[in-house]
Amino acid sequence: RVLTGTPGKERHGMEMTPRKEKILSSVVRDFVKSGEPVGSKAIAEEIGVSSATVRNEMAELIELGLLEQPHTSAGRIPSQRGYREYVDHLMRVPVLREEEERWFTSMLARSAYEPERLLLSVCRLLSSVTRYAAAVTTPSGMTARVKAVQFVQTSRRTAMLLLMSSAGTMKTRVFHCDFDLSGEILRVLFRLFNEKVTGKEVLEITPAFLQSMGASLGEMMVLAGSALQALLEAARDTAKTEVLTSGQMDLLLYPELEHRQIMDFLERKEDVVSLLRQKPGRVSILIGSESQRPELKNASFLISRYAVEEQDVGALALLGPTRMDYARLTAILQYLTKEVGQMLTVLTREE
């Protein structure tokens, strides 16, 4: 491949040779490990050539815009363009060890009985294992259908409505009645609600729909009023995409990050959701300014979409500095994405 040099400057085309590729890969790996600029001597020892040769090659890599030289150091660091070259062409994603995979699966299995607990668990697991911030989106319910409605009595005059959707979510709402509830009343509500709403799209459950549903209940409407309101609220919750976050404080370990701006960004859930809408099927890596977010100019996002019933519904993501071990993090995200998708699919089929 021929690269054309630093963006915005006219350069003669330079060949990206195997030796340049080795040197760039070594600089990326060493800088990720140490956080210190990498000198030619260390690279020369790694790849078996002279320091002078490495210095010449490094100079050309700087010309190509793939390395940078901090003013205070004789060493080199990868540029954002250098990281992109590494990720797209040089990175080899490792296979996780079997014992690692078993450990990850066992950690998730503790929460695999409830969708939202499972997603919170994987979010915390990602941040604790990597020491970066993790973000996970719950399945988008915009196209979800109602799988079932359940009722659980919580006191003499209150009960909980549970709405289960085809997106693998379960939303709950507690409602209060002006009369004493009984098992018989809840069984009647269960039958009526499931007859009317099972199979309906969540977005179809509107105030107008519930009004017509209430009218069709006749005298039973007296019993169902507050339960219908609970159903509306649970349906609205199902249609939303929520963002779970963990490990934000770990970002303080990396002085190159704009900590306050990044924390503010993670609080803006809609902004996070929009950034996590990447193509499914592979780990997307947004390096520095590629995110088009000024506050993330020294940060990278790794994003992996998960599927339930083969439908793309949500994302797992990691946020950290640009000097991340992209290969290993990609392997971890790929594995956890697959596991979470499979566990949510099983839960959806069981409901």
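A salt bridge here is a side-chain nitrogen of Lys or Arg within 4 Å of a carboxyl oxygen of Asp or Glu. By this rule the count comes to 28 salt bridges. The structure is a predicted model, in which local features need pLDDT of at least 70 and side-chain atom pairs count only at pLDDT 80 or more, while totals for chains, interfaces and linings use all residues. Residues are numbered from 1 along each chain as its sequence is written, and side-chain values use heavy atoms, with hydrogens and water left out.

**Exercise 1. Salt bridges and their surroundings**

Task: Find the salt-bridge partner of E100, and decide whether E100 is buried or exposed.

Solution: 
- Step 1. Look at R97: E100 forms a salt bridge with it, and the closest N and O atoms are 3.8 Å apart.
- Step 2. Apply the accessibility classes: buried means under 20% relative accessible area, exposed over 50%, and partly exposed in between (1.4 Å probe, protein chains only).
- Step 3. E100 has a relative accessible area of 13%, so E100 is buried. R97, with 49%, is partly exposed.

Task: Say which parts of the chain the pair E233 and R173 links.

Solution: 
- Step 1. Helices (H or I, at least four residues) and strands (E, at least two) are DSSP runs, numbered from the N terminus.
- Step 2. The two side chains form a salt bridge with an N to O distance of 2.9 Å.
- Step 3. E233 sits in helix α9 (residues 221-239) and R173 in strand β8 (residues 170-176); they are 60 residues apart, so the pair links distant parts of the chain.
- Step 4. Both ends are partly exposed: E233 has a relative accessible area of 29%, and R173 has 26%.

Task: Classify the two ends of the salt bridge between R305 and D312.

Solution: 
- Step 1. The N to O distance of this pair is 3.0 Å.
- Step 2. R305 is buried, at 15% relative accessible area, whereas D312 is partly exposed, at 37%.
- Step 3. Elsewhere, R19, K20, E57 and E60 belong to one network, joined by salt bridges that share partners.

**Exercise 2. Helix α6 and what follows**

Solution: 
- Step 1. The buried residues of α6 include L118, L119, V122, L125 and L126.
- Step 2. An α-helix has 3.6 residues a turn, so residues three or four places apart point the same way.

Solution: 
- Step 1. Most residues other than glycine have a negative phi.
- Step 2. R131 follows α6, and its phi is positive at about 65 degrees although it is not a glycine.
- Step 3. R131 lies in the loop between α6 and β5 (133-137) and is partly exposed, with a relative accessible area of 42%.

**Exercise 3. Strand β11 and its neighbours**

Task: Work out how far strand β11 (residues 299-308) is enclosed, and which strands pair with it.

Solution: 
- Step 1. Two strands pair if DSSP finds at least two bridges between them.
- Step 2. In β11, 9 of the 10 residues are buried, so the strand is largely enclosed by the rest of the structure.
- Step 3. Strand β10 (residues 284-287) pairs with β11 in the antiparallel sense over 4 bridges, and S284 has I303 as its bridge partner in β11.
- Step 4. Strand β12 (residues 311-321) runs antiparallel to β11, joined by 10 bridges; the bridge partner of A307 in β12 is D312.
- Step 5. β11 and β12 form a hairpin with 2 residues between them, and E309 in the turn has a positive phi of about 55 degrees.
- Step 6. In the loop between β10 and β11 lies Q292. Q292 has a positive phi of about 60 degrees although it is not a glycine, and it is exposed, at 71% relative accessible area.
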